[in-house]
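Hi everyone, thanks for coming. I'd like to walk you through one protein model today, slowly enough that the terms make sense along the way.

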Amino acid sequence: MLSRIPLELIFWITALVLLGFAQPEVHGQEHHFTLCPLANMGIDWCPGCGIGRALTQLFHGNIAESIKLHWFGIPALLIIIYRIVVLIKLSVKRNKILKYKEEGYV
């Protein structure tokens, strides 16, 4: 059953859960964990820098701080939630088709 769940769906749900449980960081704090390849190479500017922290602030109810960290935090959350819903619908539909085919073979 787990093999029928799309990897992308697992990724997005896990990412949102981890961001939801993360401690909100203060804007401008120098030392924070990042997966950003540009930041890890020492490049100071990145167009997506702050979206993860903005989502964490959003999950903790700090809307103003979320917008300060990155204006795209709220739209990104809406897009990710939409993608999760689409993936769940596709997965359910696919599993129904596979179940129907499996029942036909018995």
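Asn40 sits in helix 2, residues 37–40. A helix here is a DSSP run of H or I with at least four residues, a strand is a run of E with at least two, and both are numbered from the N terminus. Leaving out residues up to four places away in sequence, Asn40 touches Thr34 and Leu35. Touching, or contact, means heavy atoms within 4.5 Å.

Before I go on, please keep in mind that this is a predicted model, where local features need pLDDT of at least 70 and side-chain atom pairs count only at pLDDT 80 or more, while totals for chains, interfaces and linings use all residues. Residues are numbered from 1 along each chain as its sequence is written, and side-chain values use heavy atoms, with hydrogens and water left out.

Now the overall picture. How many helices and strands does the protein have? There are 5 helices and 0 strands, so along the sequence the pattern reads α-α-α-α-α. Of the 106 residues, 21% count as buried. Among contacts with a separation of 6 or more, 55% are between residues 24 or more positions apart. The protein exposes about 8100 Å², and carbon and sulfur atoms supply 69% of that. Accessible areas come from the Shrake-Rupley method with a 1.4 Å probe, and for residues only the protein chains shown count as cover.

Next, helix 3, which covers residues 51–59. Which residues are buried there? They are Ala54, Leu55, Thr56, Gln57 and Leu58. Just after helix 3 comes Gly61, with a positive phi of about 85°.

On to charges. Side chains of opposite charge can pair when their charged atoms come close. We call it a salt bridge when a side-chain nitrogen of Lys or Arg is within 4 Å of a carboxyl oxygen of Asp or Glu. The structure holds 2 salt bridges. One joins Glu8 and Arg83, whose closest N and O atoms are 2.9 Å apart. This pair links distant parts of the chain, with Glu8 in helix 1 and Arg83 in helix 5, 75 residues apart. Glu8 is partly exposed at 32% relative accessibility, and Arg83 is partly exposed at 31%.

The other salt bridge is between Lys68 and Glu65, with the closest N and O atoms 3.7 Å apart. Why are they about one helical turn apart? Because they are 3 residues apart in helix 4, residues 63–69. An α-helix has 3.6 residues a turn, so residues three or four places apart point the same way. Lys68 is exposed at 57%, whereas Glu65 is buried at 19%.

Ile13, Val17, Phe21, Ile88 and Val92 form a nonpolar patch with about 470 Å² of accessible area together. Patches are made of residues with over 30% relative accessible area and no salt bridge; like charges are joined within 9 Å, and nonpolar side chains (Val, Leu, Ile, Met, Phe, Trp, Tyr) within 5 Å. Two or more residues each come from helix 1 (7–21) and helix 5 (73–105), and helix 1 gives the largest share, 3 residues. Ile88, in helix 5, is partly exposed at 39%.

Now the aromatic rings. Rings of Phe, Tyr and Trp (its six-membered ring) pair if their centres lie within 6.5 Å; planes under 30 degrees apart are stacked, over 60 edge-to-face, and the rest tilted. That rule gives 2 aromatic pairs. Phe11 and Trp12 have ring centres 5.0 Å apart and planes at 70°, so this pair is edge-to-face. Trp71 and Phe72 are also edge-to-face, at 5.2 Å centre to centre and 75° between the planes. Trp71 is exposed at 62%, while Phe72 is partly exposed at 27%.

Last, the cysteines. A disulfide is a pair of cysteine sulfur atoms within 2.5 Å, and the count here is 0. Cys49 is in no disulfide, and the nearest cysteine sulfur, that of Cys46, is 5.6 Å away. Cys46 is buried at 15%, and Cys49 is partly exposed at 32%.

Terms used. Buried means under 20% relative accessible area, exposed over 50%, partly exposed in between (1.4 Å probe, protein chains only).
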